[in-house]
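Here is my note on the structure you asked about. Please read it with the model open beside you.

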Amino acid sequence: MNELFGLDRRHFLRTTAALTGAVALGTLTGCESAGSDSGAGASGAEFDGRTIESAAALPKPFAVPLPIPPVKRPSRSTADADYYDITAREARAEILPGLRTTIMGYDGIFPGPTIAARRGRKTVLRYRNELAVPTVVHLHGGHTPPESDGFPTDLVLPATGGAKFAAQAVGGTATTGTRDYTYPLDQRAATLWYHDHRMGFTGPQVWRGLAGFLLVTDDEEKALPLPDADRDIPLMITDRAFEKDGEFSYPAMDPRLISMAGVDADHMAGAAGDVILVNGAPWPELEVEAVRYRFRVLNASNAPRYELALDPVPGGSTSFTQIGSDQGLLEAPRRHTTLPIAPAERFDVIIDFGAYPVGTRVTLTNRAGKGGTAQIMRFVVARKAKDDSRIPAKLSTIETLPTKSAKTRPWMFRKGKVTSMGADTTGWVINGREFDPERIDAAPHLGEVEIWRLATDAYHPVHIHLSPFQVVSRNGGPPGAGDHGWKDTIDLSPKQYADVAIRFDDYAGRYLLHCHNLEHEDMAMMATFRTSQ
C-alpha cells in the first residue's frame with residue numbers, strides 16, 4: 001500500500017472521514033450567498049458559517065491604499081515564447097499595519113507577481129520550490145497539457161530535504177526543487193490565476209499566500225475601446241484571520257503541513273476569516289478619477305461567497321457592467337446591481353465613476369457578509385478626467401456548442417459514505433466516491449461535446465480543468481444571469497443541478513474536476529477524468 005502524507009492510505013482516509021463525520025454538514029461554512037437580482041446562481045441566506053476570529057488588533061477599514069501586484073518580467077524571450085523564473089519561498093510581510101505575517105509567496109510576495117501573456121505566445125514558468133513542503137502549481141483556467149496542469153500529486157518537492165516527501169506523489173510524479181510548467185496559451189483573452197494544488201494541503205497553502213494572476217490578452221480584446229493601462233485593475237479578494245502576533249490563523253490538522261492533511265472538525269465545511277484582503281491589503285482604498293474603470297474581480301477565498309454591491313449606487317444606472325466571465329469576453333455587456341461571486345470565479349466588470357460627483361466615497365460592499373466581512377474596499381472619486389473609453393454593444397462572438405446528440409454524464413457532489421474504509425463514516429464525495437489519484441472516473445473523447453450534469457446536496461463551486469464550458473440550464477430552466485459566456489467554475493446551490501456543455505480539445509491525458517471550496521477539495525471532493533482520441 002502506498003504511503004500518503006506520511007501515513008498509509010487507509011489510515012489517512014480513516015482519519016479524515018472520521019473528522020468529516022464529526023461536522024454538522026447541514027450548515028456549510030462559507031457556502032451561502034445572499035439573494036440577488038442578478039440571479040448569478042447561488043441564493044439563500046447570509047454567510048452563517050463558523051468564522052475564525054482574529055486575535056490581532058485589526059485596522060480600521062480604508063486606512064491603506066490598494067496595492068497592485070507587480071507585473072513579472074520574462075527572464076528571457078524567444079520568437080514564440082516567454083520564460084519566467086518564479087520561486088516559492090517564505091517571507092515576512094506587513095499585512096496588518098505594525099505586525100509581520102509569515103507568508104508562502106511566489107517570489108516571496110502575496111499575491112504573487114502578475115504574468116501578462118499574449119495569446120499564441122508560449123509561456124514557460126520555471127518554478128523553484130524553496131519552501132519546506134511540497135507544492136504544485138495549477139494555472140486555473142489554462143488550456144494546458146496534462147504534464148503542466150498541476151495534478152495534485154505531481155509534486156515539486158522542496159529543494160532542500162525534499163526526499164522525505166517523495167512517497168506523497170501517489171499516482172503522480174515528483175521533481176525535486178524545480179519544474180517547468182509549459183502553457184501554450186492558445187486561448188481567448190481572459191483573467192486566469194495560478195495557485196497551489198497540493199493534494200490535501202491546497203487550503204492552507206493558498207491561505208498562506210500561494211496565488212497570483214496570469215492575464216491573457218489577444219487582438220480582439222485589444223481592438224476594443226475598453227479602459228486600459230492604470231484603469232484596468234485586477235482585484236484578488238480573499239478573507240483571512242490573524243493570531244495576536246500577526247501570523248495567519250488557520251485550523252490545519254498539522255500546522256507544519258507535513259503529514260496530516262485537512263482542517264479540524266469545526267472547519268471541515270470550509271474555513272473563513274474575519275478580515276477582507278484585496279490584493280493582500282485589509283479593506284484598502286483606491287483613489288479614482290471620474291471615468292470608467294475595468295476591474296478583473298477574482299474570489300480567491302477558500303470557501304466564502306461574496307455578493308458585491310456599490311454604496312451608494314450610481315444615480316440612474318446599475319452598479320456593474322459585466323464584459324467578461326471566467327474565460328474572457330461576453331458576446332455583449334450585461335448589467336448587474338449586485339454581483340454574487342463564488343470561490344475561483346472571475347467577473348470582468350466596468351464601473352463608471354463618472355456617474356458620481358467628485359469627492360464621493362463609494363464602498364464596495366458584501367451583502368453576504370457580517371461585521372468586518374460586510375465591506376470589501378472603498379473608492380474615492382478624486383477628480384474629473386478625460387475618458388476615451390466606451391463599452392461596445394458587441395464585445396465578441398461565442399460559438400454555441402451543439403448539444404442535440406451529446407452524451408449526458410452525471411456528477412453528484414454530496415456528503416456520503418467513504419466506502420473504501422469499510423466503515424459507516426461520512427465525507428465529501430463525488431458520485432459516492434472519495435478522490436483516489438490512481439483511479440480514472442471518466443474517459444471523454446477529444447473533440448466530442450458532452451453534457452455534464454453537475455448536481456449537489458449543498459453549496460459547491462465546481463471547477464473543471466482543461467477546457468471551458470457553457471451553462472445550458474439550471475434545474476431544467478434557463479441559466480442564471482452570471483452564467484453567460486465561457487466558464488470554468490460554476491456556483492451551485494443546495495439540491496440544484498446544472499447542465500453544462502463541454503468539449504475537450506487538443507490534449508490527451510489526465511485532468512480533474514472538483515469542488516473549489518478548498519476544504520472540501522482537500523478532504524477528497526475531486527475526481528479524475530482522462531481525455532483520449
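The points below go from the whole chain to single residues.

1. This is a predicted model, and every point should be read with that in mind. The protein chain contains four helices and 34 strands. It has 533 residues, and 63% of them count as buried.

2. Among contacts in the protein chain with a separation of 6 or more, 77% are between residues 24 or more positions apart. The chain has an accessible surface of about 18,700 Å². Carbon and sulfur atoms make up 48% of that surface.

3. The largest nonpolar core has 109 residues. The members that touch the most others are Leu214, Phe295, Leu308, Phe379, Trp452 and Leu454. Strand 4 (residues 81-93) gives the most to this core, with five residues. There is also a second, separate core of eight residues, including Ala211, Phe213, Met236 and Ala344.

4. Leaving aside residues up to four places away in sequence, Leu308 touches Ile237, Val297, Phe320, Thr337, Thr338, Leu339, Ile341, Leu364, Thr365 and Ile376.

5. Where are the cis peptide bonds at Pro111 and Pro312? The bond joining Phe110 and Pro111 has an omega of about -5°, and Pro111 sits in the loop between strand 5 (101-106) and strand 6 (115-118). The bond from Asp311 to Pro312 has omega near 5°, and Pro312 sits in the loop between strand 19 (306-311) and strand 20.

6. Asp506 is not a glycine, yet its phi is positive, about 80°. Asp506 is in the loop between strand 32 (497-503) and strand 33 (509-515). Its relative accessibility is 55%, so Asp506 counts as exposed, the cut-off being over 50%.

7. Ala524 is not a glycine either, and its phi is positive at about 90°. Ala524 lies in the loop between helix 4 (518-522) and strand 34 (526-531). Is Ala524 buried or exposed? Ala524 is buried, because its relative accessible area is 14% and buried means under 20%.

Definitions and conventions
Residues are numbered from 1 along each chain as its sequence is written. This is a predicted model: local features need pLDDT of at least 70, side-chain atom pairs count only at pLDDT 80 or more; totals for chains, interfaces and linings use all residues. Side-chain values use heavy atoms; hydrogens and water are left out. Helices (H or I, at least four residues) and strands (E, at least two) are DSSP runs, numbered from the N terminus. Buried means under 20% relative accessible area, exposed over 50%, partly exposed in between (1.4 Å probe, protein chains only). Contact means heavy atoms within 4.5 Å. Accessible areas come from the Shrake-Rupley method with a 1.4 Å probe; for residues, only the protein chains shown count as cover. A nonpolar core is a set of buried Ala, Val, Leu, Ile, Met, Phe, Trp, Tyr and Cys residues joined through side-chain atoms within 4.5 Å.
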